Amino acid sequence: MKKTREEKILEVARKRFQLSEEAESSIRQQALDDIKFRAGDQWDDAVSIQRKRSSRPCFTVNRMPQFIRQITNDQRQNRPAIKVKPVDDKSDVETAGVLQGLIRHIELNSNADAAYDTGFQHTVEGGFGFVRLTTEYCNDNTFDQDILIRRVAN
């Protein structure tokens, strides 16, 4: 039986997903462990069960949020920004200025600070974070699109 074009695309996508999942499984498990630790789940399961069986408490003094806030507040005070610089003799300073203005407009139009903050928060808590670069239609009556920077909440 001959495969359709869509089936071939899905097969390639599944193979790529499998490769990605295998390559990132350990780092994702470590990130999940870090996020749980930050949330206060700081006791090893075996030790916790043993202490509960012997009627001993499992106190947790979670100091992680304090340290995470120190780092994220530093980032908020020193905001990252995209900077366009001409790098060689063929570059034009005026073109770099125009591109810098376009990027600044995209960031302001997108509320990119919220996206950067969320991505950085996840980076501090779990080891990696993301922002999404996307396009959306300006309105329902045109095909014009705006470039936007969006946060990835999870």
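Which residues are buried in α4? I keep in mind that this is a predicted model, and I noted Ala 96, Gln 100, Ile 106, Glu 107 and Ser 110 as the buried ones in α4. Looking down the axis of α4, I found that its buried residues fall within an arc of 120°, so they line one face of the helix. The general rule I wrote beside this is that an α-helix has 3.6 residues a turn, so residues three or four places apart point the same way.

I then asked what the buried residues of α4 pack against, and the partners are α5 (112-126) and β2 (145-151). On the other side of α4 I listed Glu 94, Val 98, His 105 and Leu 108 as exposed.

For the helix as a whole, I recorded that α4 covers residues 93-110, which is 18 residues, and that it reaches 26 Å from its first C-alpha to its last, close to the 26 Å expected at 1.5 Å a residue.

I checked both ends of α4 next. At its start, a side-chain oxygen of Asp 92 comes to within 3.4 Å of the backbone nitrogen of Glu 94, and just after α4, Asn 111 takes a positive phi of about 55°.

Last, I looked for aromatic pairs, and the structure holds one. Phe 128 and Phe 130 form this pair, which is edge-to-face, with 5.8 Å centre to centre and 65° between the planes. I noted Phe 128 as partly exposed because its relative accessibility is 23%, and Phe 130 also as partly exposed, with a relative accessible area of 46%.

Conventions: Residues are numbered from 1 along each chain as its sequence is written. This is a predicted model: local features need pLDDT of at least 70, side-chain atom pairs count only at pLDDT 80 or more; totals for chains, interfaces and linings use all residues. Side-chain values use heavy atoms; hydrogens and water are left out. Helices (H or I, at least four residues) and strands (E, at least two) are DSSP runs, numbered from the N terminus. The expected span of a helix is 1.5 Å times one less than its number of residues. Buried means under 20% relative accessible area, exposed over 50%, partly exposed in between (1.4 Å probe, protein chains only). The arc is that of the directions from the helix axis to the C-beta atoms. Contact means heavy atoms within 4.5 Å. A polar contact is a pair of N or O atoms within 3.5 Å; within protein, one must be able to donate a hydrogen and the other to accept it, and residues adjacent in sequence count only if both atoms are side-chain atoms. Rings of Phe, Tyr and Trp (its six-membered ring) pair if their centres lie within 6.5 Å; planes under 30 degrees apart count as stacked, over 60 as edge-to-face and the rest as tilted.
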